Amino acid sequence: MRKIFIIVIALCHAGLLKAQQPVDVAENTVKVGALGGEQVFYYGFAEGDEILFNFVEVNGKELKEVEIIEYPSNSRFTDYKTRRVDNKRLKVSQGGIYKFRFYNSSIGGRVCKFNIQRIPAGETTKNFNTTVYWKTISDTSYYTVDERYVVKSDTTALPFFSQSVKVPAKTTVSTNNRAILEIPLPENTIAWAYYIGAGDEGKEAHYTGREKFLTAAACGENKMPGYSAMAAVAVNGNNYFQTVAGPRIRYSFINDYNNALLFQQEKPFLQFKSGNVVNEASAMKRPLKGKAYLGFINDNGTETEVLVKATAITVVSQYDTRTVQKMNVSTRQEPYLKN
């Protein structure tokens, strides 16, 4: 009877030893970067496992932190300014994911080797899958904001500039053959058009084009308030002003006030549009606010009078406020096990 009892005890002891054989989880060499470098690894463990952890810094240098965390935030082990950790054992009370964190605050990198093993509680968890997988979780939240919106918009053609300027000719008495106009643009301008007409021929061409437009407008070309021959040029490039022969005038649309002064002083200046014409009508896409500067140079032998007209297309919008619901979707990565 005593022999049987000894045999049973021996068999139980052998089974216990068999169940306690370590199972390799990971063996790795990793470089942890300098000045805040961090390396993190995730592994899964079964309930009742015992974690066996070993760590060494290959060159014998200190690593700021070595930490083992039961995911998501339960710190189970932390060692500071360590060169090695030998056979650290941790009991896994409930199955889950563990995070192994290596942090370096030094000015030089650290080369670390670590070994992780698990001692299963029994045969049923011997082949436990320790691989950690990741899935994307989407979190949706809703919030309200006050949003401005357009109740209505009124588009209008607005004649805003009409002026004749006499540009002198060079003579034995005077060498000044330049003139400049400052053209203030209306608020809410989205496009505009100008007409330049030199001498009587240029003026007459403007009136002729206006009459030609009125005939077309009678056929219902556009119902915009203030729509005119000049507006037609600004809106869609329809030009009712026929080019005529006569005394030419050189013109330049000048970039800004400072360059306008340079123009007057007959010094080099910046411009964005120029020509040498008797008459011309053209759409303008810039500038749309502030002022435009238009300079003239008279190469004729006599003083030349120049007609300048401009029409802007303006849009005035009425706004109101409404409360709208918006959706915010954020994503995060979440670890999981497949056992």
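What follows is a short exchange about how terms apply to this predicted model.

Visitor: What are the ground rules for the model?
Guide: This is a predicted model, where local features need pLDDT of at least 70, side-chain atom pairs count only at pLDDT 80 or more, and totals for chains, interfaces and linings use all residues. Residues are numbered from 1 along each chain as its sequence is written, and side-chain values use heavy atoms, with hydrogens and water left out.

Visitor: How many helices and strands does the chain have?
Guide: There are 4 helices and 16 strands. Both are DSSP runs numbered from the N terminus: helices are H or I with at least four residues, strands are E with at least two.

Visitor: Why is the chain called more spread out than a compact globule?
Guide: Its radius of gyration is 43 Å, well over the 20 Å from the globule rule for 339 residues, so the chain is more spread out than a compact globule. The radius is taken over C-alpha atoms, and the rule is 2.2 Å times the number of residues to the power 0.38. The C-alpha trace spans about 140 × 50 × 30 Å along its principal axes.

Visitor: What makes Arg118 and Asp49 a salt bridge?
Guide: A salt bridge needs a side-chain nitrogen of Lys or Arg within 4 Å of a carboxyl oxygen of Asp or Glu. In this pair, N to O is 2.6 Å, so the pair qualifies. Arg118 sits in strand β8 (residues 110-119), and Asp49 in the loop between β2 (37-45) and β3 (50-57), 69 residues apart.

Visitor: How do you know whether Arg118 is buried or exposed?
Guide: Buried means under 20% relative accessible area, exposed over 50%, and partly exposed in between (1.4 Å probe, protein chains only). Arg118 has 0%, so Arg118 is buried. Asp49 is also at 0%, therefore buried.

Visitor: Which class does each partner of the Lys203 and Glu305 salt bridge fall into?
Guide: Lys203 is at 18%, so Lys203 is buried. Glu305 is at 28%, so Glu305 counts as partly exposed. Their closest N and O atoms are 3.1 Å apart. Lys203 belongs to helix α2 (residues 199-217) and Glu305 to strand β16, 102 residues apart.

Visitor: What does the Glu65 and Arg101 salt bridge tie together?
Guide: The closest N and O atoms of Glu65 and Arg101 are 2.7 Å apart. Glu65 lies in strand β4 (residues 63-70) and Arg101 in strand β7 (residues 96-104), so the bridge ties together parts 36 residues apart in sequence. Both residues are buried. They also belong to a salt-bridge network with Glu38 and Glu67.

Visitor: Why is strand β11 described as largely enclosed?
Guide: In β11 (residues 189-198), 9 of the 10 residues are buried, so the rest of the structure largely encloses this strand.

Visitor: What makes β11 and β16 a pair?
Guide: Two strands pair if DSSP finds at least two bridges between them. β11 and β16 have 9, in the antiparallel sense, so they pair. Trp192 stands opposite Ala312 in β16. With strand β14 (residues 279-284), β11 has 6 bridges, also antiparallel.

Visitor: Why is Met327 called exposed?
Guide: Its relative accessible area is 51%, so Met327 counts as exposed. Met327 lies in strand β16 (residues 304-336).

Visitor: What makes helix α3 mostly covered?
Guide: In α3 (residues 229-236), 6 of the 8 residues are buried. Among them are Met230 and Val233. Just after α3, Gly237 takes a positive phi of about 80 degrees.
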